[in-house]
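Please keep the sequence and the 3D view at hand while reading.

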Amino acid sequence: EAVKWFKRAIETDPNYGLSYAWWVCSACRLPGFDNEKGLKYIKKALELDENNAEAHRIMGAFQGRLGNFEAAEHHHCRAMALNPSSAFIRGRSAAFYTFNHQPERSLELIAEAEALDPFLPVYCLEEKGVALFNLGKYKEAISALDSLAYQTFRSRGYVAACAAALGDQVCSRNAVAEAISISPDLTVSKFLKAESYRHPEDAERLHRLLCAAGLP
């Protein structure tokens with residue numbers, strides 16, 4: 001639905017860059033997404049407005065998705081520099097640093113974002129739990145994720161992985177069941193596809209623990 005409206009925005013005003021950026025942010029979650037078209041659109045957004053912080057944030061996330069971590073960090077830093085008071089940009093950029101094997105930096109950004117906005121959305125706050133998981137602080141990660149205002153398949157997946165690491169089979173199985181109730185076709189491979197870890201050992205640990213938790 002979002003993609004439809006952003007497409008309409010582009011057609012209505014082809015010179016408004018943010019529409020292209022948000023089209024990419026929305027469309028990249030859908031099956032069959034064309035990375036080449038996505039890159040073309042996000043480049044177009046920045047050509048139209050090189051100083052748009054949100055376009056840089058989306059470009060950073062997109063470059064991370066492609067495995068271009070140096071370019072991703074450049075755009076995330078540029079986004080935060082352009083709009084230093086944006087809690088949302090800080091909260092969303094935190095994910096990059098976890099994927100880049102810098103979970104401590106991710107936690108710093110989440111803390112800064114919370115100081116700017118105590119009502120951060122769940123999809124920012126869940127990055128705290130993900131960062132704690134990557135630090136091996138499994139009990140703290142479960143506590144952070146359980147405290148979210150609502151649960152996503154991603155938050156329950158990380159709870160399942162944390163519980164498996166702690167040897168708590170009941171908690172891990174329950175978390176898997178909750179994750180599948182949110183996303184019925186969820187599998188380990190589908191879960192990992194959206195987790196853009198730079199170092200293979202980080203992805204391999206998550207893969208092993210999700211399998212141990214019982215995710216198909």
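In this predicted model, the largest nonpolar core has 43 residues, and those with the most contacts inside it are Phe133, Tyr158, Phe191, Leu206, Leu210 and Leu215. A nonpolar core is here a set of buried Ala, Val, Leu, Ile, Met, Phe, Trp, Tyr and Cys residues joined through side-chain atoms within 4.5 Å, where buried means under 20% relative accessible area, exposed means over 50%, and partly exposed is in between, with a 1.4 Å probe and protein chains only. Helix H10 (residues 153–166) gives the most to this core, with seven residues; helices (H or I, at least four residues) and strands (E, at least two) are DSSP runs, numbered from the N terminus. Apart from this core lies another, of 17 residues, among them Tyr20, Ile42, Leu46 and Met59.

Residues are numbered from 1 along each chain as its sequence is written. Since the model is predicted, local features need pLDDT of at least 70 and side-chain atom pairs count only at pLDDT 80 or more, while totals for chains, interfaces and linings use all residues, and side-chain values use heavy atoms, with hydrogens and water left out.

Which residues does Tyr158 touch, not counting residues up to four places away in sequence? With contact taken as heavy atoms within 4.5 Å, the partners of Tyr158 are Val130, Phe133, Leu145, Phe191, Glu195, Tyr197 and Leu206.

## Salt bridges

The structure holds 14 salt bridges, each defined as a side-chain nitrogen of Lys or Arg within 4 Å of a carboxyl oxygen of Asp or Glu. Some of them are listed here.

| Pair | N to O distance |
|---|---|
| Arg198 and Glu70 | 2.6 Å |
| Glu112 and Arg90 | 2.8 Å |
| Glu126 and Arg154 | 3.1 Å |

In the pair of Arg198 and Glu70, Arg198 lies in the loop between helix H12 (188–193) and helix H13 (200–213) and Glu70 in helix H5 (residues 69–82), so the bridge ties together parts that are 128 residues apart in sequence. Arg198 counts as partly exposed at 33% relative accessibility, whereas Glu70 is exposed, with a relative accessible area of 56%.

The salt bridge of Glu112 and Arg90 also links distant parts of the chain, with Glu112 in helix H7 (residues 103–116) and Arg90 in helix H6 (residues 87–99), 22 residues apart. Here Glu112 is partly exposed, with a relative accessible area of 31%, and Arg90 is buried, with a value of 15%.

For the salt bridge between Glu126 and Arg154, Glu126 lies in helix H8 (residues 122–134) and Arg154 in helix H10, so the pair ties together parts that are 28 residues apart in sequence. Glu126 counts as buried at 6% relative accessibility, and Arg154 is buried with a relative accessible area of 11%. Salt bridges that share partners join Arg90, Arg105, Glu108 and Glu112 into one network.

## Helix H13

The buried residues of H13 are Asp202, Arg205, Leu206, Leu209, Leu210 and Ala213. Seen down the axis of H13, these buried residues fall within an arc of 125°, so they line one face of the helix; the arc is that of the directions from the helix axis to the C-beta atoms. They pack against H8, helix H9 (138–146), H10, helix H11 (169–182) and H12, while on the other side of H13, Glu204 and Arg208 are exposed. H13 is followed by Gly214, whose phi is positive, near 105°.

## A positive phi and the cysteines

Most residues other than glycine have a negative phi. His101, a residue other than glycine, has a positive phi near 65°; this residue is placed in the loop between H6 and H7, and is partly exposed, with a relative accessible area of 43%.

A search of the whole structure finds zero disulfides, a disulfide being a pair of cysteine sulfur atoms within 2.5 Å. Cys162 counts as buried at 0% relative accessibility, and Cys171 as partly exposed at 24%.
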